[in-house]
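Biologist: Could you take me through this structure, please? I have not looked at it before.
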Amino acid sequence: FNPFNEGKQQSKELPFLRNIGESKSIPSNWDTLYEISEKRSFEQNSFELNHEKNIATGDDKLETLSSRQVFQLHQRYIITQIKSGFMLVDQQAAHERILYERFLVQLEQNKGASQQSLFPQTVTLNTTDFALANELLPYFQALGFDIRDFGKNTLVIEGVPADLPENNDLATMLEELIEGFKNNHTVLKLDKRDNLARTLAKNSAIKAGTTLETEEMNNLIDQLFACSMPNASLSGKQVIVKITLDELFERFNKH
């Protein structure tokens, strides 16, 4: 869903770059909010977007969607123009942040939308992984997975979260999700919800090297600035880099 462009359909190439379920509304002045995120630590625990307070004004306003210019650089970064210069957005880190926050909400509210698979698949796990998968079944269901115990260390996957891209190999997807969950538990010591949301977001996000259409880039940017922490990747690094016209003038000796 793109609130700035309701009449157009989503791109067929990457339909999962859309808002599904109850996600946060997109602030109309999201470009000014970058000034806030830039001044705070990436490890901040909260980042409230409240444009009613008008806490960020200035001259850093983005153009309307119809006139907004976005470009993809090396199928890795998105460049978008703002009044004071331009911004570079790491597309993979941005999508990971979007999905991570969305999955956390779904786990909290138990309202993950599901898309049923035309061809259910079975996956047979070792005893340890099978026990872990059964332990996580309520969380899987909260995210929109439709998985049931088939017996003898085997699970049947009949549906997946609607936020995920189409995947013909659901068994491998589940195995990778379980493996990532175990790795995060060992290294980061996360609770189950945070661990699962983080793992699924990293596994499902668009990767560097993926070509995006203009509408997909616009949707990604809008959804990013609807997040609580738009400038913090899941590893605590920057998602957005801003280059001002003053910096460009300085580089080209235009004083």
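This is a predicted model: local features need pLDDT of at least 70, side-chain atom pairs count only at pLDDT 80 or more; totals for chains, interfaces and linings use all residues.

Biologist: Which aromatic pairs turn up in a search of the whole structure?

Modeller: The search finds one aromatic pair. It is formed by Phe140 and Phe145, whose ring centres are 5.5 Å apart. Their planes stand at 70 degrees, so the pair is edge-to-face, the cut-off for that class being over 60 degrees.

Biologist: And Phe145, is that buried or exposed?

Modeller: Phe145 counts as buried, with a relative accessibility of 4%.

Biologist: What lies over the face of Tyr100?

Modeller: Arg198 does, at 5.3 Å from the centre of the Tyr100 ring.

Biologist: Let me step back. How many helices and strands are in the chain?

Modeller: The chain has seven helices and seven strands. Along the sequence they follow the order α-β-β-β-α-β-α-β-β-α-α-α-β-α.

Biologist: What share of the residues is buried?

Modeller: Of the 255 residues in the chain, 46% are buried. As for contacts between residues at least 6 apart in sequence, 70% of them join residues at least 24 apart.

Biologist: Back to the helices. At what angle do the axes of α3 and α4 cross?

Modeller: The axes of α3, residues 127-143, and α4, residues 170-187, cross at roughly 95 degrees and come within 11 Å. That angle makes α3 roughly perpendicular to α4.

Biologist: Which residues meet there?

Modeller: From α3, the residues are Asp129, Leu132, Ala133, Leu136 and Phe140. From α4, they are Leu174, Leu177, Ile178, Phe181 and Lys182. Taken by type, the residues of this contact comprise eight nonpolar, no polar and two charged. Phe140 therefore takes part both in the aromatic pair with Phe145 and in the contact of α3 with α4.

Biologist: Which residues of α6 are buried?

Modeller: Helix α6 spans residues 214-224 and is mostly covered, with ten of its eleven residues buried. The buried residues are Glu215, Glu216, Met217, Asn218, Asn219, Leu220, Ile221, Asp222, Gln223 and Leu224.

Biologist: Take Leu224. What does it touch?

Modeller: Leaving aside residues up to four places away in sequence, Leu224 touches Val89, Ala94, Arg97, Ile98, Pro230, Val239 and Ile240. Leu224 and Ala94 are 130 residues apart along the chain, and their C-alpha atoms are separated by 6.2 Å. Leu224 counts as buried, at 0% relative accessibility.

Biologist: Where does Asn153 lie?

Modeller: Asn153 lies in the loop between β5, residues 146-151, and β6, residues 154-161.

Note on methods. Residues are numbered from 1 along each chain as its sequence is written. Side-chain values use heavy atoms; hydrogens and water are left out. Rings of Phe, Tyr and Trp (its six-membered ring) pair if their centres lie within 6.5 Å; planes under 30 degrees apart count as stacked, over 60 as edge-to-face and the rest as tilted. Buried means under 20% relative accessible area, exposed over 50%, partly exposed in between (1.4 Å probe, protein chains only). A charge sits over a ring if NZ of Lys or CZ of Arg is within 6 Å of the ring centre and within 35 degrees of the ring normal. Helices (H or I, at least four residues) and strands (E, at least two) are DSSP runs, numbered from the N terminus. Axes are lines fitted to C-alpha atoms, for helices over the stretch in contact, and angles run from 0 to 180 degrees between N-to-C directions. Angles under 35 degrees count as roughly parallel, over 145 as roughly antiparallel, 65 to 115 as roughly perpendicular and the rest as oblique. Contact means heavy atoms within 4.5 Å. Ala, Val, Leu, Ile, Met, Phe, Trp, Tyr, Cys and Pro count as nonpolar, Asp, Glu, Lys and Arg as charged, and the others, Gly among them, as polar.
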